[in-house]
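User: I'd like a close look at one part of this model, and then how the rest is held together around that part. Could you walk me through one of the helices?

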Amino acid sequence: MAFESPSENMTVMAKRRALEYLEKGDLIGAVDSMVSDLSKDSSRPSVQQSMIGMMGMELRNKPNLSEKDVRDFIKGFAD
């Protein structure tokens with residue numbers, strides 16, 4: 001059995017919630033959910049939290065944002 005760190009648990013939960021928004025067609029909500037949940041993860045260094053926020057802002061402001069773009073963003077985080 002592999003040990004999961006709190007960060008891994010938070011990432012799994014964040015991905016699940018974000019994918020729920022995505023399945024409802026709420027692309028921006030999915031990005032915002034992922035960023036919000038990961039920014040609450042106190043085990044992540046603050047610089048990493050900031051970078052995740054910047055990546056999310058860049059993505060949500062992308063012209064012609066697609067479901068694939070958002071799904072790739074969500075799934076791109078290691079569990």
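Analyst: Let's take helix H3, residues 46–60, keeping in mind that this is a predicted model. H3 has 15 residues and spans 21 Å from its first C-alpha to its last, close to the 21 Å expected at 1.5 Å a residue. Four of its residues, Ile52, Gly53, Gly56 and Leu59, are buried. They cover an arc of only 130 degrees around the axis, so they sit on the same side of H3. As for what the buried residues pack against, it's helix H2 (27–39) and helix H4 (67–75).

Those two partners have ties of their own. Start with H2: Asp37 in that helix pairs with Arg17 in helix H1, 20 residues apart in the chain. Asp37 is buried, with a relative accessible area of 4%, while Arg17 is partly exposed at 29%.

Now H4. Arg71 forms a salt bridge with Glu23, 2.9 Å from N to O, and this one links H4 to H1 across 48 residues of chain. Arg71 is partly exposed at 24%, whereas Glu23 is exposed at 55%. Glu67 joins these two in a network of salt bridges. Asp72 and Lys68 make another salt bridge, with their closest N and O atoms 2.6 Å apart. Because they are four residues apart in H4, about one helical turn separates them. Asp72 is partly exposed at 43%, and Lys68 is exposed at 55%. Overall, the structure holds seven salt bridges.

A search of the whole structure turns up one aromatic pair. It's Phe73 with Phe77: the ring centres are 5.3 Å apart and the planes sit at 85 degrees, so the pair is edge-to-face. Both Phe73 and Phe77 are buried.

Lys15 lies in H1 (residues 6–23), and with a relative accessibility of 11%, under the 20% cut-off, Lys15 counts as buried.

Key:
Residues are numbered from 1 along each chain as its sequence is written. This is a predicted model: local features need pLDDT of at least 70, side-chain atom pairs count only at pLDDT 80 or more; totals for chains, interfaces and linings use all residues. Side-chain values use heavy atoms; hydrogens and water are left out. Helices (H or I, at least four residues) and strands (E, at least two) are DSSP runs, numbered from the N terminus. Buried means under 20% relative accessible area, exposed over 50%, partly exposed in between (1.4 Å probe, protein chains only). The expected span of a helix is 1.5 Å times one less than its number of residues. The arc is that of the directions from the helix axis to the C-beta atoms. Contact means heavy atoms within 4.5 Å. Rings of Phe, Tyr and Trp (its six-membered ring) pair if their centres lie within 6.5 Å; planes under 30 degrees apart count as stacked, over 60 as edge-to-face and the rest as tilted. A salt bridge is a side-chain nitrogen of Lys or Arg within 4 Å of a carboxyl oxygen of Asp or Glu.
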